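Hi there,

Here is the structure I promised to pass on. My notes on helix packing and charged pairs follow below.

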Amino acid sequence: MNILQKYLEERHKEHDTTKDYGEPGPVVTISREFGSSGKFLAQKLAFLLNESKLGDTVKGKWKVISKEILEQSAKELELHPSEIEYVFKYEKKSDIDEVLGALSSKYYKSDRMIRNTIKKIIYTFGLRGNVIILGRGGEILTQEIERSLHVKLIAPFPWRVEEIKKRFGYEKIKEARNHVADMDKKRDAFKSDIAGKEVDNTLYDVIFNVTSFPFDQMSETIMHMMELKKMI
């Protein structure tokens, strides 16, 4: 058992000793390069799983988990979601912000406390099962859950730039290019921060190039892999 899992399990016991989620999982995590349409795949997969009635029926329908992580974390910290949203924008508090915040409010929560709470919430969602966790470092935090499948979406940089240009309405390709490059850098740093080390593609069970497969095929392939791993 790694240090992170041990910490999360101890925290889980402290805050939620009355709940028993049964066998951990099943959980699918979808990581994606910026502009690779991970949200669309997650929603498509959840729909097909629910239509097929596959999964742990005791645990209810499959759900895509993303904004729920922000909401649940804020609730546990007794903060407004806007006060911890900076983490999901791949930002950190400066040392000065930490000091000023601690001095100015009795409700102040340190950056470390906020991040650890988010990690615990993600892990708990994984324990509950029948969830597809979109981004947020879910692939790192649920690695120890046996009934888990970790997917990554990639696409050529120029293709992603064109997608982001259309999505955000950029007039100049340079603006879209800078946005994609900046988000790639921030997401990599965020994952390394969560893992406590540099991460690589060995975290993932399967990597799809979204320019090579339609989403229907990717969803069906993921479901087949879930069956092979006895997740459904």
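**Charged pairs and a helix crossing**

At 11% relative accessibility, Lys191 is classed as buried (under 20% relative accessible area; exposed is over 50%, partly exposed in between, with a 1.4 Å probe and protein chains only). Its salt bridge partner is Glu139, with the closest N and O atoms 3.6 Å apart (a salt bridge is a side-chain nitrogen of Lys or Arg within 4 Å of a carboxyl oxygen of Asp or Glu). The two lie 52 residues apart, Glu139 in helix 7 and Lys191 in helix 9, and Glu139 is buried too, at 2%.

This is a predicted model, where local features need pLDDT of at least 70 and side-chain atom pairs pLDDT 80 or more, while totals for chains, interfaces and linings use all residues. Residues are numbered from 1 along each chain as its sequence is written, and side-chain values use heavy atoms, leaving out hydrogens and water.

Another salt bridge joins Asp216 and Lys44 at 2.8 Å, N to O. That pair links helix 10 to helix 2, 172 residues apart (helices are DSSP runs of H or I, at least four residues, numbered from the N terminus). Asp216 is partly exposed at 40%, and Lys44 is partly exposed at 26%.

Happy modelling!
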